[in-house]
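Okay, thanks for coming, everyone. I'd like to walk you through one model today, so let me put it up on the screen.

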Amino acid sequence: MHGILRGMQTRFRSASESYRFARPTDLNAIVGMLGDDEVGAWLWFVPAPPEALRGYFLPLIEQQWQTLADAEPPTTAIFVVEDAEAQYLGQGAVMAVEGSVGGFEIGFQLPKLAWRTGVGTRLAEFLVTWATRLHAPYRLQAGCIEGNAGSRRILEKLGMRLEGTRPDFRLKGDARHTELEFGMRVANLDPLLLRRTEARVPFDSEL
Ligand SMILES: CC(C)(COP(=O)(O)OP(=O)(O)OC[C@H]1O[C@@H](n2cnc3c(N)ncnc32)[C@H](O)[C@@H]1OP(=O)(O)O)[C@@H](O)C(=O)NCCC(=O)NCCS
């Protein structure tokens with residue numbers, strides 16, 4: 001199968017990992033990962049019943065394939081990252097921000113086997129590069145719960161700044177958590193990050 005679907009590249013390979021648009025068949029891996037309490041420790045939307053997670057992701061995944069079939073970049077893009085043996089290493093998303101014209105949000109979650117390996121940093125760099133290439137955004141943003149040191153570090157390495165905090169915004173179980181809002185203007189994005197990522201993950205290439 002080709003990585004290009006009527007003009008839209010759907011698979012992006014680097015030497016160590018590949019990134020591709022998620023399919024319904026990836027839902028077992030995604031939902032299974034989100035069912036791990038350690039993965040969900042800093043995620044406001046879990047724990048959640050598996051059927052609720054499927055009900056959230058499936059329409060987004062189906063919509064993105066419809067959009068790709070029209071040779072358009074999805075405004076909500078769900079990617080899967082895999083190693084060279086096609087082992088699931090996580091998912092990442094790029095989403096248009098409602099009410100912020102030109103604003104896009106990124107998010108990412110990895111199973112424990114991929115933690116502290118650089119996969120998170122490289123996935124985030126890919127998401128930013130894909131969004132910048134395909135959507136020419138004005139702003140990029142991401143949120144994380146206060147205390148999520150790995151996520152915060154990744155966002156800071158992208159060049160995002162802490163733009164605001166929402167004290168007690170998220171409720172998980174009985175505990176309220178502060179949400180940190182990170183963001184940046186794309187004009188302030190380090191061009192080296194884009195060049196480095198495109199050198200690692202060629203765009204517009206076929207499988
Ligand atoms: C957050 C997450 C994506 C990080 O992925 P990762 O593959 O471990 O990230 P990296 O290996 O690229 O590490 C990025 C940086 O964060 C640091 N880091 C990672 N996990 C950390 C932790 N638990 N505590 C402190 N620092 C951490 C790394 O040392 C690295 O710093 P450096 O670049 O200065 O050396 C991953 O832990 C995860 O998916 N967690 C569960 C879901 C989640 O919280 N997603 C984010 C929601 S906002």
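So, which element gives the most to the shell around the ligand? That's H5, with 6 residues. Before I go on, some ground rules: this is a predicted model, where local features need pLDDT of at least 70, side-chain atom pairs count only at pLDDT 80 or more, and totals for chains, interfaces and linings use all residues. Residues are numbered from 1 along each chain as its sequence is written. When I say helix or strand, I mean DSSP runs numbered from the N terminus, H or I with at least four residues for helices and E with at least two for strands.

Back to the ligand. It has 22 residues around it, and the closest are Gly-120, Thr-121, Ala-149, Gly-150 and Arg-153. A residue gets in if its C-beta atom, placed from the backbone, lies within 6 Å of the molecule. Strand E7 (103–109), H4 and helix H5 (149–157) are the elements giving two or more residues to that shell. Sorted by class, the shell comes out as 11 nonpolar, 8 polar and 3 charged residues. For those classes, Ala, Val, Leu, Ile, Met, Phe, Trp, Tyr, Cys and Pro count as nonpolar, Asp, Glu, Lys and Arg as charged, and the others, Gly among them, as polar.

Let's stay in H5 and look at Ser-151, which sits in that helix. Is Ser-151 buried or exposed? Ser-151 is buried, because 22 other C-beta atoms lie within 10 Å. The cut-offs, with C-beta atoms placed from the backbone: 20 or more others within 10 Å is buried, 12 or fewer is exposed, and in between is partly exposed. Not counting residues up to four places away in sequence, Ser-151 touches Trp-42 and Cys-144; contact here means C-beta atoms, placed from the backbone, within 7 Å.

Now, H4. Helix H4 (residues 119–135) packs against helix H6 (residues 191–200) at about 100 degrees, with the axes 9 Å apart. That makes H4 roughly perpendicular to H6, a label that covers 65 to 115 degrees, while under 35 is roughly parallel, over 145 roughly antiparallel and the rest oblique. On the H4 side you've got Glu-125, Phe-126, Thr-129 and Thr-132, meeting Leu-193, Leu-194, Thr-197 and Glu-198 in H6. That contact splits into 3 nonpolar, 3 polar and 2 charged residues.

What about the core? The largest nonpolar core has 43 residues, and among those with the most contacts inside it are Ile-78, Phe-79 and Leu-127. By nonpolar core I mean buried Ala, Val, Leu, Ile, Met, Phe, Trp, Tyr and Cys residues joined through C-beta atoms within 7 Å. H4 gives the most to this core, with 8 residues. Leu-127 touches Gly-92, Val-94, Ile-106 and Phe-108, leaving out residues up to four places away in sequence.

Most residues other than glycine have a negative phi, and most peptide bonds are trans. Here, Val-46 and Pro-47 are joined by a cis peptide bond, omega about 5 degrees. Ala-71 has a positive phi of about 60 degrees, and Ala-71 counts as exposed because it has 11 C-beta neighbours inside 10 Å. Ala-136 also has a positive phi, near 45 degrees, and lies in the loop between H4 and strand E8 (139–145).

Methods: Axes fitted to C-alpha atoms, helices over the stretch in contact; angles between N-to-C directions. Contact = placed C-beta atoms within 7 Å.
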